Amino acid sequence: KFKPRVFSGIQPSGNLTLGNYLGALKRFAEKQDEGIETIYCLVDLHAITLWQEPEALKRQTREAAAAFIASGVDPSRSVLFNQSQVSAHAEMGWLLNCVARMGWMNRMTQWKDKTQGKNAEQQSLGLFAYPALMAADILVYHATMVPVGEDQKQHVELTRDIAAKFNHDYKTDFFPMPEPLIEGTATRVMSLRDGTKKMSKSDPSDASRINLTDDADTIAKKFRKAVTDPAPLPESLEGLAERPEARNLVNIYAALSNRNAEAVIAEFGGQGWGTFKPALADLAVSKLEPISSEMSRLMNDPAEIDRILGAGAEQARAIAQPILEGALDIMGM
Ligand code: ADP
Ligand code: NA
């Protein structure tokens with residue numbers, strides 16, 4: 001009943017990181033190259049669940065679009081657009097707010113993390129309801145596959161729960177059950193300063209992450225200063241079990257070189273950080289430099305980026321609008 005269709009998104013809420021690249025952007029381009037229909041969205045409506053300076057949001061949205069394209073997402077083969085330009089997202093979001101339950105939102109670990117130690121009462125209502133809007137983003141395309149990093153797995157599972165409750169409550173099989181695609185060695189790239197935290201664009205410490213726009217010297221310096229234990233790299237994979245920081249750097253190397261962690265250990269096992277970190281930095285620079293230079297080339301022509309996003313929004317609307325109307329009809333509207 002449902003044809004294979006990939007949907008995923010990224011918030012244009014700041015500097016995109018190596019985590020976003022390995023966990024998301026790189027895989028978005030790979031899915032497109034497999035010949036599956038791919039729809040990719042800059043989720044600005046999600047970004048504003050936390051305060052965004054308006055001019056910065058505009059610039060970051062174009063910058064994120066440039067990052068998609070520079071990472072290999074081809075607007076002539078994938079639908080690339082920003083969420084606020086396709087009103088079906090917000091409309092479907094409301095419908096699903098009325099299907100989802102408060103208790104489900106309360107159990108989301110990201111909500112708990114983001115409100116930890118802060119007054120939850122002072123957070124925006126949007127931040128709480130964010131996962132229902134994410135479900136709408138996916139379901140308004142009848143998407144069947146959602147490539148995401150490990151941190152988003154729970155939200156895709158919630159999307160399935162919302163789809164199932166809608167189908168059950170309205171005695172229909174209108175919505176598919178989308179599958180999270182969490183694969184590869186870099187589904188969770190960790191902070192370079194703390195191996196227990198994920199690398200994130202919203203981490204206040206710039207040294208904790210590699211930004212896609214960092215220059216070669218900055219990348220080398222951040223890897224050199226990355227926190228690790230002093231022991232050399234182990235001779236086998238098991239030796240990484242209790243060493244999260246070492247494992248993270250090995251996984252990053254593996255993902256950047258399209259190999260598995262075993263192959264990296266086979267090459268570097270027994271060697272010290274003084275050898276491995278510069279090799280990792282060189283590899284990262286060789287992969288990221290072409291992306292950042294293509295991003296700056298694209299950013300020199302913002303009108304062209306706006307044109308691409310405008311055309312993408314039109315394609316997205318053509319798919320989403322009939323599905324939104326189908327849901328409204330099922331609900332009696
Ligand atoms: P962030 O968490 O950096 O604010 P988003 O929430 O916009 O980014 O996530 C965009 C995509 O990037 C999601 O698929 C998410 O799973 C992925 N992602 C974000 N951070 C990482 C990471 N450290 N490792 C792997 N994937 C990540
Ligand atoms: Na995230």
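I began with ligand 1 and noted that helix H1 (residues 18–33) gives the most to the shell around it, with five residues. Helices here are DSSP runs of H or I with at least four residues, and strands are runs of E with at least two, numbered from the N terminus. This is a predicted model, in which local features need pLDDT of at least 70 and side-chain atom pairs count only at pLDDT 80 or more, while totals for chains, interfaces and linings use all residues. Residues are numbered from 1 along each chain as its sequence is written, and chains are lettered from A and ligands numbered from 1 in the order in which they are written.

I then looked up the whole shell: 22 residues surround ligand 1, the closest being Gln11, Gly19, Gly23, Ala24 and Gly149; a residue counts as near if its C-beta atom, placed from the backbone, lies within 6 Å.

The buried residues of H8 are His155, Val156, Thr159, Ile162, Ala163 and Phe166. They cover an arc of only 110 degrees around the axis, so they lie on the same side of H8; the arc is that of the directions from the helix axis to the C-beta atoms. The face turned away from that buried side carries the exposed residues His168 and Asp169. I checked the cut-offs: buried requires 20 or more other C-beta atoms within 10 Å of a residue's own, exposed 12 or fewer, with C-beta atoms placed from the backbone.
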